Amino acid sequence: MRSRSRRGLKFNFSLRSENDAETGIRKRFCSLRLAFKALVGLILLYFVLLFKNFNRQVENNHSVDGLSTSGSPGINLPLLRHGFRPNRRFLLFSSVGKRSKPAVLGWMNVTNYSKRTFDVVLYYYDDQGTEKSLDCCRDKADYYFRRSDFKWPNLYHFLVENNIRPGDYDAIFAVDDDIIMNGNEIETLFADFIKYKLKYAQPSYDMYSSVHFPRLQRWRGNTMVRFANFVENAALVIDFQTVFRILDIMRDSKTGWGSDYCFFHRTKPAPHEMGTIHTVVATHTITKDPTKASNAFWEGLNQDNVVIDKRGNIDHPEDTPAQKEGKELMAACGAKIYRPRVYFRIKPGEMREDVINREKAKNDLYDKNSKNYHWSQF
């Protein structure tokens, strides 16, 4: 009898231990499931708080619009962003067409395209159905939009519609679609623009380029930067804070002729804040195509008042439609055409501050009493 009772006890104990183990597994599973649900809830709460904080920052940015657009009358930026969001330090913008493929491919030719420092924004100005030639470039651009207009109105449209802010970029390269240079040169252009603390700049042009002011624009050896009172808007690098002082000029500019004079008249950069960067050499292609929408300078090509020499240089005894529009824009802005002048240059190995201090001592544009450069039009 005793042996049977012992066996029964052993059997009951083994059943109890198996039930306890199964119950423990269930409890652990339930606790893991509760922990997982709690983790998911925390993640969702994090994103909700992040979204609320983002909206608060957008509203704070909107509250300082009066400061950022103080030089552009009648410009009101929208409150919320939509469409495009800045991802990099700099911005390349251009209006492109069906003939722009060689230039666009060059801009995107960077050693490591995914690690480039500039966003690429392209506006397509030609008619619908003609943009197949840019299929290879459209997918690589950060933002692509079809809008039939010139470069400056398209840039205004992009900035306002996407609610781009003054602090989103350090500088913008607003380039015509007939400027040939590769992406590595654009990287150098932006780097030197920041290095020499410029507000306006352009790359130098090679000997095969179409230039209007050779002494300012043509590449010269043993030179890093040539400071001047003029740079042309065909390949213009602008400090991004400055862009928001000239938005209304961009909006009202049609062909772009004379807009550079208006920019400089409005913002009045000092002589050491504007010039040609000679560490980068671009090609401004010579075109004789009157149908090319981006080059309004050739609007009068079929008229009798246009003379073209063998090298592609042009002479207008009378104003073309582009020039007439540009002069109307300049009259509205109070700007005047003046003679471009080179101030001084920085050679390899020279420090920017040393050169500026040297020029201040001998340059007639520097007022020792006010310690400021005078903006003079020549």
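A salt bridge is a side-chain nitrogen of Lys or Arg within 4 Å of a carboxyl oxygen of Asp or Glu. In this predicted model, Arg 266 and Asp 248 form such a salt bridge, with 3.1 Å between the closest N and O atoms. Arg 266 belongs to helix α10 (residues 259–267) and Asp 248 to helix α9 (residues 247–252), so the pair ties together parts that are 18 residues apart in sequence. Arg 266 counts as partly exposed, at 24% relative accessibility, whereas Asp 248 is buried, with a relative accessible area of 8%.

The rule gives a count of 12 salt bridges. One of them joins Asp 119 to Arg 88, where the closest N and O atoms are 2.8 Å apart. Because Asp 119 lies in strand β2 (residues 118–124) and Arg 88 in the loop between α2 (65–68) and β1 (90–96), this pair connects parts that are 31 residues apart in sequence. Asp 119 is buried, its relative accessible area being 0%.

Another salt bridge is found between the side chains of Asp 170 and Arg 89, at 2.4 Å from N to O. Asp 170 sits in the loop between α5 (151–161) and β4 (171–175), and Arg 89 in the loop between α2 and β1; the two residues are 81 residues apart, and the pair links distant parts of the chain. Asp 170 counts as partly exposed at 30% relative accessibility, and Arg 89 also counts as partly exposed, at 44%.

Arg 266, as noted, is partly exposed. Turning to shared partners, salt bridges join Arg 88, Arg 116, Asp 119 and Asp 142 into one network.

How values were computed. Residues are numbered from 1 along each chain as its sequence is written. This is a predicted model: local features need pLDDT of at least 70, side-chain atom pairs count only at pLDDT 80 or more; totals for chains, interfaces and linings use all residues. Side-chain values use heavy atoms; hydrogens and water are left out. Helices (H or I, at least four residues) and strands (E, at least two) are DSSP runs, numbered from the N terminus. Buried means under 20% relative accessible area, exposed over 50%, partly exposed in between (1.4 Å probe, protein chains only).
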